[in-house]
Amino acid sequence: PIAALTPYNPTWCLRACVVKRGPKRTTPAGHAVFSAELVDEAGDAIEATFWREAADRWDGVLADGAWFHFSKAKVKPANKAFAGVRNPYALDFGVGSSIEPCPAGGCGGSDGASAPTPPTARLAYVRLDALAPHIGRKAPVDVLGGVLECGALGSVKRKSDSSELARRDVTLGDASGKAVVLTLWGAAAEGAGAAVEAAVAAAAAAGGPPPLLSVSHCRVSDFNGVSISALGRSSVTLDPKGPAADALKAWWAAEAPTGGLAGFTPAGEGLAKAGGAGGGGPKPRARLADLEAAPGAALPPPSAKPEYHTVVATVTVVDPEQVRRGWREEREAEWRGGERARLERDE
């Protein structure tokens, strides 16, 4: 199983299904590469990257929903800056790796009667009141909530090619009593979003609880304090099954506040005014003079707990030479960081 993979055991054979594989591309060094998510029967997932000869050989074979036996790949710690799968390890496939298709009927259960259906990766739901610490992190989160409100289908214009991209905002609430706005993009906004809109209307007409929505691989941002956005690899499931969904349904039937959206508190309330997710709630505004130590007062020791303030100030002087110098330093730092990231991926 995927859960048993470690860099310390080089002898293993993994039976897994390919899901959400990406297109083959060429690195700046001219090497072919593509990535895919592998999921086993237990629902555990791991990210696999296919390099050079392996990418050329298996590009036309590894398709979503197909099962294979994988072996002789390198198990390494996952790069948290790029990983889209919650697994401490990742797989690198090269020229010496072995990949064998599962024959029909040979990858089924213990009876081997039929090939299993494509599995669904096990999700680790994050409560809506615990989203703030995930702001700005690369690792995505999974969320589960009742649909309190479903907005109309809209669109935004891409800066790259001025094309229109569909978008839809959906407000979710859960047992924490918090609510958050989820943005669906593209096909998810049109297809899944339309299904959610119809389900919300049907629930309102029947006077019942709202439909539940499960969304995987969401990015958390600090827009309006806390908000979440679906990604291209996100899975949007209306009325999901499982213990977490059953528990949320039971809470909604017995303890959920009445009044719909008005009974929930925004997950980002106070964070936007407090200077970010680490603010811990709204704080009074301060002046620069308030931050000075009192006359004769000793400065706190280095071990003292720091205090954070939000200051409203007016820019009075901008040194053009300093701005130009800072811009050059920032561009050079970005270039060096990008070069390091590309070298890590190439390795």
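The pLDDT is the predictor's confidence in each residue, on a scale from 0 to 100. I needed that definition at once, since this is a predicted model.

**Entry 1: confidence**

Strand β5, residues 67–71, has the highest mean pLDDT, at 95. Helix α4, residues 320–346, has the lowest, at 66. For the chain, the average is 82, and 79% of the residues score at least 70.

Over residues 109–114 the model shows seven contacts beyond near neighbours in sequence. Over residues 273–282 it shows 14 such contacts. I keep a caution beside these counts: where pLDDT is low, the predicted coordinates should not be read in detail.

**Entry 2: the chain as a whole**

I found four helices and 16 strands in the chain. Of its 347 residues, 36% count as buried. The chain exposes about 20200 Å², and carbon and sulfur atoms supply 55% of that area. Among contacts with a separation of 6 or more, 61% join residues 24 or more positions apart.

**Entry 3: nonpolar cores**

I asked which residues touch the most other members of the largest nonpolar core. They are Leu131, Val143, Leu172 and Leu182, in a core of 25 residues. Several elements give two or more residues to this core, among them strands β9 (141–150), β11 (164–173) and β12 (178–185), and helix α2 (186–206).

I followed Leu182 further. Leaving aside neighbours within four places in sequence, its contacts include Val170, Leu172, Leu213, Val215, Cys218 and Ile228. Cys218 is itself buried, because its relative accessible area is 0%, under the 20% limit.

I also recorded a second, separate core of 24 residues, which includes Leu5, Leu38, Leu62 and Leu91. A general remark applies here: in soluble globular proteins, nonpolar side chains tend to be buried together.

**Entry 4: Ser71**

I turned to Ser71, which is found in strand β5. Is Ser71 buried or exposed? Its relative accessibility is 12%, so Ser71 counts as buried. Not counting residues up to four places away in sequence, Ser71 touches Trp12, Cys13, Phe93, Ser97 and Ser98.

**Entry 5: cysteines**

I searched the whole structure for disulfides, and the search found zero. Cys17 counts as buried, at 0% relative accessibility.

**Entry 6: salt bridges**

I counted eight salt bridges in the whole structure. Three of them are described below.

- Asp56 pairs with Lys24, and their closest N and O atoms are 3.1 Å apart. Asp56 lies in helix α1 (residues 52–58), whereas Lys24 lies in the loop between β1 and β2, so I noted a link between distant parts of the chain, 32 residues apart. Lys24 is partly exposed, with a relative accessible area of 36%.
- Arg122 pairs with Asp44, with 2.6 Å between the closest N and O atoms. This pair also links distant parts of the chain, 78 residues apart: Arg122 is in the loop between β8 and β9, and Asp44 is in the loop between β3 and β4.
- Arg127 pairs with Asp129, the closest N and O atoms being 3.2 Å apart. Arg127 is partly exposed at 45% relative accessibility, and Asp129 is partly exposed at 38%.

Methods
Residues are numbered from 1 along each chain as its sequence is written. This is a predicted model: local features need pLDDT of at least 70, side-chain atom pairs count only at pLDDT 80 or more; totals for chains, interfaces and linings use all residues. Side-chain values use heavy atoms; hydrogens and water are left out. Buried means under 20% relative accessible area, exposed over 50%, partly exposed in between (1.4 Å probe, protein chains only). Contact means heavy atoms within 4.5 Å. Accessible areas come from the Shrake-Rupley method with a 1.4 Å probe; for residues, only the protein chains shown count as cover. A nonpolar core is a set of buried Ala, Val, Leu, Ile, Met, Phe, Trp, Tyr and Cys residues joined through side-chain atoms within 4.5 Å. A disulfide is a pair of cysteine sulfur atoms within 2.5 Å. A salt bridge is a side-chain nitrogen of Lys or Arg within 4 Å of a carboxyl oxygen of Asp or Glu.
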